[in-house]
Amino acid sequence: MSTKPDAMKLNVLASQPSVDAAPEQKDGMDVLLETGRAAAVESEGAHGKSYWRSIEEKLQTPEFLESTRGEFPVGADLPPSGVVRRDFLQLLGASMALAGIGTACSTRPSDERMVSYTKVPDSLAPGVPQHYASALDTDGFASAILVQAYEGRPVKIEGNPEHPIANGATNTFDQARLMDLYSPHRARSTRHKNKDVAYNTFTEQFVPHLKSLEADGGAKLHFLLAPHASPSLMGLEERIRQRFPNARFHSWTSASRESLTRGAELAFGRPLDPHYDFSQADVVFSLDADFLQRGPEAVRHMRDFSARRDPNGTFNRLYQVESTFSPTGVLADHRLRVRSADVATIAQALAAAVGVTGVSAPSLSAEQQKWVDAAAADLRAAGLKGVVLAGERQPPAVHALAHAITEQLGGIGTTVRFTEPVLSRFATGPSSLQTLAQAIQAGEVDTLFISAHDPVYGAPVDLGFEELLKKVPNTVYTSLFEDATARAATWFVPATHALEAWGDNRSVDGTITFTQPLINPLYTGVRSLPELYALFLAEPYRSSYQILRDHWLGETGAAGFQARWEIWVQKGFQENSAYPEVEASGATGAAARAVSQLPTVKEGLELNFRVSDQIGDGRYFNNPYLQESPEPLTKIVWDNAALVSPRTAARLNVKTNDVVELVYRGKTLEAPVFILPSHADEAITVALGYGQTGAFNYLRSPGSETVGFNAGLLRHQDAVWFDSGLEVRTTRKTYELVQTQTAWSMEEPVPEALKPLSRVRPIALEATLASWKSDAKKINEPLRHLTERESLLKPLPPKTGPGVQQWGMAIDLGRCTGCNACVIACQVENNIPVVGRDQVKRGREMTWLRMDRYFSGELEDARAVVQAIACVHCERAPCEYVCPVNATVHSEEGLNVMVYNRCVGTRYCSNNCPYKVRRFNYLHYSTGKTPTERMSMNPDVTVRARGIMEKCTYCVQRIQRARIATRKAAAGGEGSSLIPDGAVVTACQQACPSQAIVFGDVADPETRVSKLHADARSYRLLNDLGTLPRTRHLVRINNPNPALEPEAPSGSDHH
Amino acid sequence: MAETTDIVLDPLEPRHLVPPHDDDKSLNEKLFAFMWAPPSKAWLALLGLALALLGLLVVSIGYTLYEGIGVWGNNQPVGWAFDIINFVWWVGIGHAGTLISAILLLFQQKWRTSINRAAEAMTIFAVCCAGIFPLLHTGRPWFAFWLFPYPSTLGVWPQFRSPLVWDVFAISTYLTVSALFWFVGLVPDLAALRDSSKTKLQRRIYGIFSLGWRSSGRHWHNYKIAYLLLAGLSTPLVLSVHTIVSFDFATGLIPGWHTTIFPPYFVAGAVFSGFAMVVTLLIPVRKFMGLRDVITDRHLENMNKVILATGLMVSYGYMMEHFVAWYSANTNEAFVFINRAVGPYAGVYWLMIACNVITPNIFWFKKARTSVPIMWVASILVNIGMWCERFIIIVTSLHRDFLPSSWGMYSPTVWDWGIYVGTIGLFSTLFLLFLKFLPAVAVSEVKEMQWEIKHAAHVAHDEAAHEAN
């Protein structure tokens, strides 16, 4: 990547103590922030603040006050508490004496301040983005990212291309997490019993309090941490233990992956983390594992798995057993829908069928038995190329069985490898919380420090965590948002965003990954976790940067440290720091024990909890991009629902949008029903994370208190993922769920009587591998219609000339799960507004790229195919000739260009677009942004006003950037003036973990996109209209087991 | 001079169109009576209602401009809805006036005389209402002038391949020619008004607009030529306007729009709805203004015949659309028609069929053709049906097109209705003011016809006397 040298130079700068993070230009926004910070000092009002007070009064010009209105919460400008005011008066004289010396008595040393752009570093050119390696943290694991920043303002997150896990891609959440940084809802002032106080008020009271805890070695000091594997934090924790040897540490996340480690422990006798290598796996059998969507390794799974979905290579086969239709299930060749509890039975049956000793076959229905037998035969045939894996929702025994089967097949070491667990120190599931709860009940907790994400909201309801907290005299909580725990805690300290502070952590394979700040904290009041840890050590103030650097200095020694450090920070991780593979064996021997530990399967309606595909376990509740990203299968936005299969819905006599009461263990919860095809019968799935109160999103529907319902209110310690015993009571209420796509399938909806007239439209095409290979000609016949152009009207010869490239795209349907990462990437890159639930309900979502999901087959056992589609850039575009003002025209490079400032908004282009990919600004969606939200805008892309049409541009700004770079190089005598293949990567392409999207020059037959266009699988959507789209889709190939699926008559598998 | 008699009396139906007893003075008094009389309570009440609706229009437009057209129900995929439905509906209504004036004039259909003025006025007001929508429906109406070809500093011209640009020309030409035609026809009557004015102000105002008309032979000569020329100019416009409006759809590739039958079918529909609107308006007008002698049952019956004829043409259009959808084997097209009939908007579709296909057939019966209450209800039904037709063409074609993933539903908001009902208010206000301040009947033409009748009678009398001698 051409930006690397820049990053290198900058990080050399960054590594010097005089300059902290990315230097920042003092443009209007920064001046504003700078002054904002100075003003915010008032609320801190700690010792020696008078120096700043006089300056800040000068800065509070009317323009400034106007421009920052609404940025600070009510109360942020309240005078400091009484104690501090007295301190202030006491110190007034001393401060005055210091004034003018230039040593600001800020809580942050002055050398950590931003550097003004009046002294521009040599490597920087305004308007040219910089890329910095950093990392985000998800449930304790680091995901390596590369952040694009303009003049010190981070605007886009990409995967770190060199990191072994990320490899340049990201998941949906990480794409959107930039918005958390700029969120207007971020907490920004320290709170004491829900009253704004200065941070120093907290330190002044808390540090002496800690001193008083030293007496008994901190026996009454407890920590409830978010799981992490950060070496520097662990170092600090170790030192805290030295000061408070009796302090106790707990850990909690509501989306714990503990069962993976425990499962390996059950199988191999010691806790291990499994790592699956799908590039090796020919047959994959997944037991409720949503491995392409969830978990810290999903990005790598997507890449490896989808690379094996090409009929020109060795095609893999996926068996998926699950209760809820998951994105992984979308790509499954065979999907068995069973209740979550029955997954264990299937696992046992498979183990027996594969021949794991000591496992007896449970009784299954004939149909299921046939399915399991076929899969077992397939797995046995695959041998060491077969793998069985279980999901984090399944108990450890199922994981142990999965490992036993893989071991039986010989796959250990090939398709699955084991390492030491990354999150090894504490339990992260309910058991850890249980220990803490007992301690609180016993009155053994005086001081509790919480960095775990919102346990009051997320902890199992039977724990009564909110009540427990009341029994603790001193609770300290730190978080990005003022959530339920913040309100319940004695002290709340707003946290820094990952892009605001230094840190380190391990990614899932153990690679030590560094978090590098891209910007100084947007608010003075926020503190990073290391800074808070430092309070427990009674040390003088050290910044997160110093803490991190000192840690690694101590860890690796001073010799050559600077060079090492610079490479780490520049790359974003320590190379070869991944945990080594561990020999693991004995799983088959432990299989019998695993079977004995399988929970007994209870009958009755099952309640399933699922971490939301949109907002995680609730930590992204305030993220509008994620709230508005459609749930991959249901396409619901801004809500969660009680998902139920059509058959069970019929039995319960409910239909979509009916509100039901979910009654479980005496607790009642109202939820709207959504009927999802292929959901397991006798099971209801609810997504966690919704229904939070307090700081919640401003784009929720007017009048509603929150978004969705809090499914966590039914979650119990012994049933965090699923349990039987749910009762459903119907109510007379209804609630309208909002979807971005209401059509189910490609079949035309007509009444029964007219069914013969209905047909399945050839839109998202699928074929089976066998038919594709054996009878390609026949299969190709319907395809020919979609690929060839037979018309009396010959297409105009493309305008070509020297140096003119023709851009095009290929989208492989066979690689797409519909995870939305590309959608969010497109939104962030192109400043696409979020419009809110109400506008989506009116059909006005603005996303340029959308995921069309179509079900096919029987309603009960439907399959799904996902088709990503944005503007296809027709060579003969129907939108162009109808625009009365020439606002949408064709570029000589084949782009269908939208001229925003010429558009008058007749919407004729959108009406005439057969792909319906154009989006219209019906209202002024881009207005009303807070100053911080405005900072998130990509300066290379126009922010559209009301009344204007917009659509995918093929990331024209990226093409132009690549063109400038190429021409500069060509002018310097390096290479041709044609942009080389791969130099332009669209935002969607870059984000896609499975590389389903390829972009490039279609005029050059050697480019990747040209080769994909030439592939037999490629077709033009709606080819018969003669629009000649530049984006072509590739037929999805499925690889069903012939033993399970009698070969369909050729041709009929085209939908 | 049997020829003259033939003009007045249809040989197949030898009845007088207008009872031959009025002289010029009594005609003046009779036809201007409504204008010179103080405003009646009924008129004031109606004007008050119309102004209230006009106020609604102003508020709705104001709010739309303030917030953006997002206050309407339009969405993706239904980019056009009430805005364009109402536009096409009003333009269609605006067809009858010119057709009656110009084409019937050229065909020397004498029965047009009593109704042409009101119909022309209706045309102009309807086109005014229609004109609001193309402007307002744009996202940025303040830049809508970019649709006009003018040498701008931007160096950009409109995109002449777009039917919306043709629309701009078609509608503005039609409005200009219709207004001119109407005004030229008004000149002799304005002079008559000037001459019978009661106050100085009235005389001044009518005097200015009567352009110094003194009823000289030369004036009449020039007037007749100008009127005929304008009639000649208007005639192709009657066909062109709705043809071009239909191109907005026919040139698109959306199934349900992309149809070659649209131009004639739109013109027939326009005349159909225009005549229906004339009937709807003239029935109360002739009752309350006491014009039964001038606008006779005979006029109404003739108009009903036109409604029947154009209604059958429209039905044929529907039939062909459905037939071609099937015969073309274009499955997307076929689905649109199935979806119209059984889809979520089936109610509107069947209302359209009931109003446009079934209703006009009652005019096969003379009893229905001549019964004022029946024809009034039928004419209103036809107007509802024609509105439904535009809804069906625009909304049902857009809401489910090629890719099911993008399908959506449209439902109007209160502002959609506000603007629609508001334009009816604008139309009514203009029409009521017209009735009050301008002659609703072409008085000079009625007089001319009276003279022709009298002349024919004289000739007949003289000939009889001569033969007796």
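Helix H9 (residues 231-243) of chain A packs against helix H21 (residues 544-556) of chain A at an angle of about 85°, with their axes 9 Å apart. That makes H9(A) roughly perpendicular to H21(A), a label for angles of 65 to 115 degrees. Axes are lines fitted to C-alpha atoms over the stretch in contact, and angles run from 0 to 180 degrees between N-to-C directions. Helices are DSSP runs of H or I with at least four residues, strands are E runs of at least two, and both are numbered from the N terminus.

This is a predicted model, in which local features need pLDDT of at least 70, side-chain atom pairs count only at pLDDT 80 or more, and totals for chains, interfaces and linings use all residues. Residues are numbered from 1 along each chain as its sequence is written, while chains are lettered from A and ligands numbered from 1 in the order in which they are written.

Pro231(A), Ser232(A) and Gly235(A) in H9(A) meet Ile547(A), Leu548(A), His551(A) and Glu555(A) in H21(A); contact requires C-beta atoms, placed from the backbone, within 7 Å.

Chain B has 17 helices and 0 strands. Its radius of gyration, taken over C-alpha atoms, is 24 Å, close to the 23 Å that the globule rule gives for 469 residues, so chain B is as compact as a globular protein of that length; the rule is 2.2 Å times the number of residues to the power 0.38. The C-alpha trace of chain B spans about 90 × 50 × 45 Å along its principal axes.

Between the chains, 46 residues of chain A are in contact with 41 residues of chain B.

Technical notes: Contact = placed C-beta atoms within 7 Å. Parallel < 35°, antiparallel > 145°, perpendicular 65-115°, else oblique.
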